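Work through the exercises below with the model open beside you. Try each task before reading its solution.

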Amino acid sequence: QVQLVESGGGLVQAGGSLRLSCAASGRTFNSYVVGWFRQAPGKEREFVTAISRSGDSTYSRDSVKGRFTISRDNAKNTVYLQMNSVKPDDTAVYYCAASEGVGLPYSYWGQGTQVTVSS
């Protein structure tokens, strides 16, 4: 089992940058695929990006490609989401989640961190 805690959210102007962190407990963190999801007010939660166990593969939704970068440091049990060139449409609560493998459900979720992009 793994517990996830997000941090780094806040208010940023359009075009700016923000880095989110997802800190995990547990000694088997590197056995999980980790993803970032977001939920804007009045909208369903959507997938943003994910990273493989070793960090050598990433997957992202089209709208964030070239702007958001996911990375992980397994020695620190932490996954990062570097958000550049943010847009007001990126405003949402961002969640990190862990899955035991590609195609398997994300079983573990953090509490979320709010990101607000002002125009």
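**Exercise 1.** Determine whether Y32 and Y108 are buried or exposed.

Solution. Buried means under 20% relative accessible area, exposed over 50%, and partly exposed in between (1.4 Å probe, protein chains only). By these cut-offs Y32 is buried, and Y108 is buried too. The model is predicted: local features need pLDDT of at least 70, side-chain atom pairs count only at pLDDT 80 or more, and totals for chains, interfaces and linings use all residues. Residues are numbered from 1 along each chain as its sequence is written, and side-chain values use heavy atoms, with hydrogens and water left out.

**Exercise 2.** Describe the aromatic pair formed by F37 and Y106, and state which parts of the chain the pair ties together.

Solution. Step 1: apply the rule. Rings of Phe, Tyr and Trp (its six-membered ring) pair if their centres lie within 6.5 Å; planes under 30 degrees apart count as stacked, over 60 as edge-to-face and the rest as tilted. The rings of F37 and Y106 are 5.0 Å apart, centre to centre, with 80° between the planes, and the pair is edge-to-face.

Step 1: place the residues. Strands (E, at least two residues) are DSSP runs, numbered from the N terminus. F37 belongs to strand β4 and Y106 to strand β10, so the pair ties together parts 69 residues apart in sequence.

Step 2: check accessibility. F37 has a relative accessible area of 10% and is buried, whereas Y106, at 23%, is partly exposed.

Step 3: look at the surroundings. F37 and Y106 form one aromatic cluster with F47 and W109.

**Exercise 3.** Find the ring that the charged end of R72 sits over, and find which backbone oxygens its side chain reaches.

Solution. Step 1: locate R72, which is found in strand β7 (residues 68–73).

Step 1: The charged end of R72 sits over the ring of F29, 4.7 Å from its centre.

Step 2: list polar contacts (pairs of N or O atoms within 3.5 Å; within protein, one must be able to donate a hydrogen and the other to accept it, and residues adjacent in sequence count only if both atoms are side-chain atoms). A polar atom of the R72 side chain lies 3.1 Å from the backbone oxygen of F29. The R72 side chain also reaches the backbone oxygen of Y32, at 2.9 Å.

How values were computed. Helices (H or I, at least four residues) and strands (E, at least two) are DSSP runs, numbered from the N terminus. A charge sits over a ring if NZ of Lys or CZ of Arg is within 6 Å of the ring centre and within 35 degrees of the ring normal.
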